Amino acid sequence: MLKIGDQIPDVELVDQDGENISLRASVGRKAMVIYFYPKNNTPGCTLEACSFRDSYEEFVELGADVIGISGDSTSSHKQVVEKRRLPFILLSDNQKIAEKAFGVKRSVLGLLPGRVTFIIDKKGFVIDIFSSTTQPTKHVSTALEALKAADK
């Protein structure tokens with residue numbers, strides 16, 4: 001798995017609207033919070049996405065983009081974005097390209113993708129990592145704390 005101090009990998013995925021998005025596109029312009037989650041429309045993943053949504057303005061004020069990544073299809077992502085009114089993008093990683101590049105460990109006997117959040121500074125370096133399958137909302141507070149600490 002990536003470690004604090006590592007540079008973000010150069011990965012390109014498709015968002016909920018079918019647009020190709022490079023994860024390095026924001027480097028030099030914005031900080032990023034990239035969170036990997038197991039599956040759309042599951043209780044923990046919905047709670048996590050809605051927590052990021054509810055705190056989104058705080059991320060914007062700190063100059064950060066929020067990006068969710070899972071192996072779900074772009075159409076599934078589009079439904080979630082519309083239904084939950086998410087103001088950030090969801091990227092489809094059905095080929096596990098980003099999962100492998102970031103080194104996200106799988107959970108539940110290796111069957112489900114892990115739940116890991118990477119906080120990336122404006123220069124594209126990992127400044128914090130939080131991994132927990134049982135505390136989906138803690139990913140939001142941890143990311144906000146890391147961004148605030150980096151802003152000082």
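I began with Lys30, which forms a salt bridge with Asp65, the closest N and O atoms lying 3.2 Å apart (a side-chain nitrogen of Lys or Arg within 4 Å of a carboxyl oxygen of Asp or Glu). Lys30 lies in the loop between strand 2 (20-22) and strand 3 (31-36) and Asp65 in strand 4 (residues 64-70), so the pair ties together parts that are 35 residues apart in sequence (strands are DSSP runs of E, at least two residues, and helices runs of H or I, at least four, numbered from the N terminus). Asp65 counts as buried at 18% relative accessibility, whereas Lys30, at 36%, counts as partly exposed (buried is under 20% relative accessible area, exposed over 50%, partly exposed in between, with a 1.4 Å probe and protein chains only).

This is a predicted model, in which local features need pLDDT of at least 70 and side-chain atom pairs count only at pLDDT 80 or more, while totals for chains, interfaces and linings use all residues. Residues are numbered from 1 along each chain as its sequence is written, and side-chain values use heavy atoms, with hydrogens and water left out.

I then looked up Asp72, whose side chain meets that of Lys39 in a salt bridge (3.2 Å, N to O). This pair links distant parts of the chain, 33 residues apart, with Asp72 in the loop between strand 4 and helix 3 (74-84) and Lys39 in the loop between strand 3 and helix 1 (43-54). I noted Asp72 as buried at 7% relative accessibility and Lys39 as partly exposed at 43%.

For the whole structure I recorded nine salt bridges.
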